[in-house]
Amino acid sequence: MYYTEKTITKEGLKNSSTNLLEEGDLIISARGTVGALAQLGRPMAFNQSCYGLKAKKITSNDFIYYLLKYKIREIKQNIHGSVFDTITRNTFDVLTAKIPNIKEQKAIANILSTLDEKIETNNKINKKLEEMAQALFKHWFVDFEFPNENGEPYKSSGGEMVESELGEIPKGWKVDKLSSIAEIIMGQSPKSDTYNTDKIGLPLLNGATDFQNKNLSPSKYTSDPKKVGEKGDFVFGVRATIGLVTELDDRYAIGRGSGIARAFDNMYKEFLYEILNIAFSNFQYTASGSVYLNVSKNDLEDYKLVIPDINILRRYHKITKSILNQKENLKRENAVLEKLRDTLLPKLMSGEIRVPLDDEVLSEKN
């Protein structure tokens, strides 16, 4: 963890009761969303909503991080509070665990952190790929500098522009609604008695919390889905937290807090993804709802956009399809790595699997 939404000045830190954690120390949320855990990549302050943890000499922060991940279910079983879920200092006093010798701790942490580091590397690559696709979209469809017949940037090379209700656009392009390129399907919550955690039926995306990091991680399944998204559709949040457009990697039940967009033609797919992100950015300022932000089906279907010339769209699709494929390949690889990590974690921590203690395994962490 390297960044936070809020910061504090040195003067503020000096004149407050806030404590400072060092790089490598751990922090765990204690109220509201209990059990969110992170290891700090740099010194950070924290408040009463969190607990900071530092390993004692018999262990290390790296090992304690994975030990807490292993114990997270047990921690959540000791939640208190009538208004907010809360854990207290006593929560940690009642936790017990087998602590192997320091060499074995380092080996366990090394195995698990190697997987996490690869996952993080893939995430960084995906972020760069997404930035590349966004930059290309802006260059072609906002700045109108797509290549003309001579391979030169259209607008700055004197390409003809015409007036439209959205301003000047290239000749031959048009303004239309989002519903002209995609079907919009809003989610519908299944009956509560069909919910389960036994993976019966389809995984349920019931709002943006199920894909808040643009990774699909539903906590519930339903045996009687009302609305279904197919592989390749784009899912997004439509209540409270809106947007977070994410491509479906399989079939999912779509609950009330979510919606999907399905391109009528695969050629529009990458173009649709960028349009949806722009649309939700605009909806942040115009979405209705006195308590929650809400985006309706009509809001999406009636959203106005500039539709490019078909030949330009084909060229864009051909370029960005490879970018999207790379992203999806890395997401699939991460899913495999996460499953491997989550399978190894309890086995390593319980001693069911013993790690080799050779120099090669320990070299990086020693």
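The largest cavity has a volume of about 80 Å³; a cavity is a set of points, on a 1 Å grid over the protein atoms alone, where a 1.4 Å probe fits but cannot get out. Grid points are joined across faces, edges and corners, and the volume is the space filled by probe spheres set on the points. The model is predicted, so local features need pLDDT of at least 70 and side-chain atom pairs count only at pLDDT 80 or more, whereas totals for chains, interfaces and linings use all residues. Residues are numbered from 1 along each chain as its sequence is written, and side-chain values use heavy atoms, with hydrogens and water left out.

**Overall architecture**

- The secondary structure comprises nine helices and 18 strands; helices (H or I, at least four residues) and strands (E, at least two) are DSSP runs, numbered from the N terminus.
- Of the 366 residues in the protein, 40% are buried, where buried means under 20% relative accessible area, exposed over 50%, and partly exposed in between (1.4 Å probe, protein chains only).
- The accessible surface of the protein comes to about 21,100 Å², and carbon and sulfur atoms account for 49% of that surface; the areas come from the Shrake-Rupley method with a 1.4 Å probe, and for residues only the protein chains shown count as cover.
- Among contacts between residues at least 6 apart in sequence, 67% join residues at least 24 apart; contact means heavy atoms within 4.5 Å.

**The cavity and its lining**

- Rolling a probe the size of a water molecule over the atoms shows where empty space is left.
- The structure holds one cavity of 30 Å³ or more.
- The largest cavity is lined by E130, A133, E270, Y273, E274, Y316, T320, I323, L324 and K327; lining residues have an atom within 4 Å of a point.
- Two or more lining residues are given by each of α5, α6 (269-286) and α8.
- Helix α8 supplies the largest share of this lining, with five residues.
- By class, the lining has five nonpolar, one polar and four charged residues. Ala, Val, Leu, Ile, Met, Phe, Trp, Tyr, Cys and Pro count as nonpolar, Asp, Glu, Lys and Arg as charged, and the others, Gly among them, as polar.

- T320 lies in helix α8, which spans residues 310-350, and T320 counts as buried because its relative accessibility is 3%.
- A polar atom of the T320 side chain lies 2.7 Å from the backbone oxygen of Y316.
- Not counting residues up to four places away in sequence, T320 touches L136 and E270.
- N334 is also placed in helix α8 and is buried, with a relative accessible area of 4%.
- With neighbours within four places in sequence left aside, N334 is in contact with K118, I119, N122 and N123.

- Helix α2 (residues 61-70) is largely enclosed by the rest of the structure, because seven of its 10 residues are buried.
- The buried residues of α2 are N61, F63, I64, Y65, Y66, L67 and L68.
- I108 lies in helix α5 and is buried, with a relative accessible area of 1%.
- I108 touches F63, P100, L348, M349 and V355, not counting residues up to four places away in sequence.
- The C-alpha atoms of I108 and I353 are separated by 9.9 Å, although the two residues are 245 residues apart along the chain.

**Loop residues**

- P153 is located in the loop between α5 (102-141) and β6 (161-162) and counts as partly exposed, at 33% relative accessibility.
- Apart from its neighbours within four places in sequence, P153 is in contact with E145 and F146.
- P153 and H139 are 14 residues apart in sequence, and their C-alpha atoms are 9.1 Å apart in space.
- Most residues other than glycine have a negative phi.
- K199 has a positive phi, near 60°; K199 lies in the loop between β10 (195-196) and β11 (202-205) and is exposed, with a relative accessible area of 62%.
- A240 likewise has a positive phi, near 65°; the place of A240 is in the loop between β14 (234-239) and β15 (241-247), and A240 is partly exposed, with a relative accessible area of 41%.

Notes
Polar contact = N/O pair within 3.5 Å; in protein donor to acceptor, adjacent residues only side chain to side chain. 1 Å grid on protein atoms, 1.4 Å probe; cavity = no way out; pocket = protein on both sides within 12 Å on 5 of 7 lines; lining within 4 Å.
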